[in-house]
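Open the model in your viewer and keep the selection tool at hand. We will go from stop to stop, and at each one you will be told what to pick and what is there.

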Amino acid sequence: MENQEQTPDLFELQFDENAKSKIITMTKWSLVIVITSLVGYVLAIAKYFKQKSELGNLSQSEGAEISYSFGNTTSSNLFSIIISILVGLLLTYFLYQFSSKTKKGIEAMSQYEINIGFKNFKNYFLVIGILCILGIVFGGFVLFSILALYNQ
Amino acid sequence: MEQNEQLFSFPVETSTQRSLLSAGSWAFFLSILGFVFLGLILIVLIVAGAGMMNAFKTLTSIDSTAAAGLAMLIIFLVFAVIAFLSLLLFRGASLVKRGIYSNDQAVFNAGLASYRTYFIVYGILSILSLLFTAVDLFIN
């Protein structure tokens, strides 16, 4: 009777020691990616302000016309940096959740935590996939617009 | 020994399997995009390779042999990294899927190994990218 109850486990897919060690390594490197991404966002903002101050000094010495075009360029740059960071933060959040929940789940053998961890793993790839689709659609639109302008 | 392993193992629940399958579908899609992108790079290189090389030579003001060598090295590195990451995603997604559908522990573990290598390579690349950004910000 006891044997009969244990038999299905033998044929079920398991998180065995081998799988667990691989998942733990995945979570450790995911955390590395999360940390480097966050530091990268801070550096991107610092770089923006550094360039802004350098261009500001240049425009002060060159006059009002450059100052006007400089204002337009920096505001559009800031907008693109903010959008990139927001999207990046979303990806970083999913990766962090995957890393922390799955690691905790594997160490505590908690199915609940592992389920949440792998849901975030799925969400991470899903968001990248959707971003790629948007990028392709946008890129195609820009390409067709350029071709249409070129043919006129 | 086997009994010990059984003790510390636990089943992959249906909900986790579903998440892994869904993640696998998106990872598979991304790997295919990676391969398509590589194909596009190859086509562009064949069609406009010479023109690009001349532009690179003019921009960097390096003599033609060194410029060609440097450009080839950069293109080869980008190509190799994208190909390797795409291959790892492709392998991870397909092996985990096959492992789940056929209840094959070895295939499932091989898929996880591919995902693990993907994250290691991605992690190393992000560290390198961060270092380059820091150098660019603080030194240049």
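In which helix of chain A is A:Glu107 found? Select A:Glu107 and you land in helix 3 of chain A, which covers residues 64-108. Bear in mind throughout that this is a predicted model.

**Stop 1: around A:Glu107**

Is A:Glu107 buried or exposed? A:Glu107 is exposed, because 12 other C-beta atoms lie within 10 Å, and a residue with 12 or fewer counts as exposed. A:Glu107 and A:Lys20 are 87 residues apart in sequence, yet their C-alpha atoms are 8.9 Å apart in space.

**Stop 2: chain A as a whole**

Select chain A and colour it by secondary structure. You will see 4 helices and 1 strand, and along the sequence they follow the pattern α-β-α-α-α. Chain A has 152 residues, of which 23% count as buried. Among the contacts in chain A with a separation of 6 or more, 63% are between residues 24 or more positions apart.

Next, pick helix 4 of chain A. This helix has 41 residues and reaches 59 Å from its first C-alpha to its last, close to the 60 Å expected at 1.5 Å a residue. Its buried residues include A:Ile114, A:Phe118, A:Phe121, A:Tyr124 and A:Phe125.

**Stop 3: chain B**

Switch to chain B, which has 4 helices and 1 strand. Read along the sequence, chain B follows the pattern α-β-α-α-α. Of its 140 residues, 24% count as buried. Residues 24 or more positions apart make up 60% of the contacts in chain B with a separation of 6 or more.

Pick helix 4 of chain B. Its 34 residues should span 50 Å at 1.5 Å a residue, and its end C-alpha atoms are 49 Å apart, so the two values agree. Buried residues in helix 4 of chain B include B:Phe108, B:Leu112, B:Tyr115, B:Arg116 and B:Phe119.

**Stop 4: where the chains meet**

Show both chains together. Here 39 residues of chain A are in contact with 38 residues of chain B. On the chain A side, helix 1 (2-11), strand 1 (14-15), helix 2 (17-62) and helix 4 (111-151) each supply at least two residues. Helix 2 of chain A gives the largest share of that side, with 19 residues. Sorted by kind, the residues of chain A that touch chain B are 20 nonpolar, 10 polar and 9 charged.

Zoom in on the strands. Strand 1 of chain A and strand 1 of chain B (residues 10-11) run antiparallel and are joined by 2 bridges.

**Stop 5: the largest nonpolar core**

For the last stop, select A:Leu95, A:Tyr124, B:Ala23, B:Ala27, B:Val96, B:Phe108 and B:Leu112. Of the 35 residues in the largest nonpolar core, these touch the most other members. Helices 2, 3 and 4 of chain A, together with helix 2 (14-60), helix 3 (64-102) and helix 4 (105-138) of chain B, each supply at least two residues of this core.

Finish on B:Ala27. Leaving out residues up to four places away in sequence, B:Ala27 touches A:Phe125, B:Leu89, B:Gly92 and B:Ala93.

Technical notes: Residues numbered from 1 in each chain as written. Chains lettered and ligands numbered in written order. Predicted model: local features only at pLDDT ≥ 70, side-chain atom pairs only at ≥ 80, totals over all residues. Contact = placed C-beta atoms within 7 Å. Nonpolar A, V, L, I, M, F, W, Y, C, P; charged D, E, K, R; others polar. Pairing = 2+ DSSP bridges. Buried ≥ 20, exposed ≤ 12 C-beta atoms within 10 Å, placed from the backbone. Expected span 1.5 Å × (residues − 1). Core = buried A, V, L, I, M, F, W, Y, C linked by C-beta atoms within 7 Å.
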